[in-house]
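Good morning, and thank you for making time for this item. I would ask everyone to look at the sequence and the structure before we go through them together.

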Amino acid sequence: MNSAISVTMRSFKRRYFHLAQLGDGSYNLNFYKDENTSKEPKGTIFLDSCMGVVQNSKVRRFAFELKMQDKSTFLLAADSEAEMEEWISTLNKILHSSFEQAMQEKRNGDLNDDEDHGKAEISSGSFPDNFQTARDIESKMRSEARLKLFTLDPDTQKLDFSGIEPDVRPFEEKFGKRVLVSCHNLSFNLQGCITENEKGPTTNVEPFYVVLSLFDVQNSRKISADFHVDLNHPMVRQMTCGHVSGSNLEIIGDGLPEGLGLAPHYPTQGVFSVTCPHPEIFLVARIEKVLQGGITHCTEPYMKSSDSTKVAQKVLKNAKTACSRLGQYRMPFAWAARSVFKDASGTLEKIARFSALYRQDSSKLSDEDMFKLLSDFRKPEKMAKLPVLLGSIDVTIDSVAPDVPNCVTSSYIPMRNFEKNGPGSALLEVEEFVPCIAKCAQPFTIYKNHLYVYPKHLKYDGQKSFAKARNIAVCVEFKDSDDDEAQPLKCIYGRPRGPLFTKQAYAAVLHHQQNPEFYDEIKIELPTQLHEKHHLLFNFYHVSCENNSKKKDAVETP
């Protein structure tokens, strides 16, 4: 048979074989229709052309094949496993002995020639060179006798390598549809001057933080990492001075490596990549604020159309108190969404704006809840039932030029065309969570070793010892030792205004929820060498929101 012929059970015919050794020491395998081996054989397999005998049970049980030098194959099958093994063993012994015999004869013949040559050269003192020559000949014989392994594989013989260019290019990283997301402004109708002399600008009366990410409603998948944006006025940012989450280290610019030479700023532009674009992909903005109390209570002033300065000043006073005491803790506040693509070819929906700012329901925080909300996004009658906060978020999307300057990877590594001390803010590549399907598979061209941690929910079993724990903060650390004095590693990606890496990260806190849900994403750069003592450590705290000067309660209680 050859590789073009398909073999089935019906292809087999019963034959009787006779192994015969010829005068030159080679072997032939003759086969007959019956047990009468005195007549002419039906065929002969010349074993001096056989390269090997191997088992092949894919077509039939107890089958084995003889691979020939001309790329043809003889496929045989015995009646039992023992008989098959005996056949394979016997034939391989013959092939091995024939090969050894041929090698020895060639070696002996060459050595005899060398001896005659050596006798003539002994008088000139070149005897050692004869042994060197013999070793060279033996090495050459071994090299010539080696089999080319690819000749054993019939499928490889079908490949055509003639058209391959000799200059093979290295792999280039393939991006999907790249989208530039630019964040301009977040403003609520409740505005005021936060300075005591009331000579400053009119702004939001407390700090807000935006988390942007892409959601694929069609496949119920979050398809990008979170992009954190701080659009607060510099004077509003000062309200949380001394409360940089996860670190008390000196702040360097926007948290990017100091060596990049960037002017201090906060990243407001991110580049998202989408491998499989379609109209059911949404850009979702989740808005957080400093922990203060219940979501319903905190959003109430933002749902009224009153322009009362008195209301703004009251909210400002409460916000300053909360920021000074709880500045490192966040709470969910609102969300908004907008479509990204018009069609499956990746045409951007540039004109679309973000929806109204909807109040975040404390019982609908999970990604699954977000998918349900987004599935009703194009149904006005459903969206009209959601409570709305008076304000707007201004975020635009656009295409990305192939040679866009001032771009850093998701690991904050500068890409080509990065202008040190260049104008404007750096663009951050936001990591895409590519679907695990064949058409999206590609080699990486840069080193990535990120771990994403998602605290989902916390449930107590009703123990009385947890009765007072109602504002629960989850703190995540990454450690390399179980020792009590071991410090967490500084490998958790920081948020805007903080350093590049921090030692700990907190999930958003829900007020008066003993069994809270979370939507936070914590991004960790893993060490290049992991060992068995590396672990994630979760600490749980009750956070006291009440500012009671008489009791002086600790902010955190383990």
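In what sense do β5 and strand β6 (residues 73–77) pair, and over how many bridges? The pairing is antiparallel, and 5 bridges join β5 to β6. Please bear in mind throughout that this is a predicted model.

Let me stay with this part of the chain for a moment. In β6, Phe74 is the bridge partner of Leu66. The two strands form a hairpin with 4 residues between them, and there Lys71 adopts a positive phi near 75°. β5 also pairs with strand β4 (residues 50–55), again in the antiparallel sense and over 5 bridges. On that side, Gln55 is the residue that stands opposite Phe64 in β5. As for cover, strand β5 (residues 63–68) has 5 of its 6 residues buried, so that the strand is mostly covered.

I turn now to the chain as a whole. The protein chain contains 8 helices and 28 strands. Of its 558 residues, 42% are buried. If we take the contacts between residues at least 6 apart in sequence, 69% join residues at least 24 apart.

Next, a sheet. Here 5 strands form an open sheet with mixed pairing, and their order is β18-β7-β13-β20-β19. Its edge strands, each pairing on one side only, are β18 (391–399) and β19 (407–408). Within the sheet, strand β7 (residues 177–188) and strand β13 (residues 269–274) run antiparallel and are joined by 6 bridges. Arg178 stands opposite Ser273 in β13.

Strand β11 (residues 221–222) is where Lys222 lies. Is Lys222 buried or exposed? Its relative accessible area is 14%, which is under the 20% limit, and therefore Lys222 counts as buried. Which side chains make polar contacts with that of Lys222? One is the side chain of Asp226, at 3.0 Å, and another is the side chain of Glu521, at 2.8 Å. Beyond its neighbours within four places in sequence, Lys222 is in contact with residues that include Ser213, Leu214, Phe215, Phe433 and Tyr454. Asp367 and Phe371 are also among these contacts.

Those last two residues lead us to helix α7. Asp367 and Phe371 belong to the buried residues of helix α7 (residues 367–375), together with Asp369, Met370, Leu373 and Leu374. Among the elements that cover the buried residues of α7 are β11, β10 (208–216), β14 (281–290), β15 (330–339) and α8 (380–383).

Finally, the cysteines. How many disulfides does a search of the whole structure find? The search finds 0. A disulfide is a covalent bond between the sulfur atoms of two cysteines. For Cys298, the closest cysteine sulfur is that of Cys545, and because the separation is 8.8 Å, the two are too far apart for a bond. Cys298 is buried, with a relative accessible area of 7%. Cys193 is buried as well, and its relative accessible area is 12%.

To close, I return to Lys222, a buried residue whose side chain makes a polar contact with the side chain of Glu521. Thank you; I am happy to take comments.

Technical notes:
Residues numbered from 1 in each chain as written. Predicted model: local features only at pLDDT ≥ 70, side-chain atom pairs only at ≥ 80, totals over all residues. Heavy atoms only, no water. Buried < 20%, exposed > 50% of the residue type's maximum accessible area, 1.4 Å probe, protein only. Polar contact = N/O pair within 3.5 Å; in protein donor to acceptor, adjacent residues only side chain to side chain. Contact = heavy atoms within 4.5 Å. Pairing = 2+ DSSP bridges. Disulfide = S-S within 2.5 Å.
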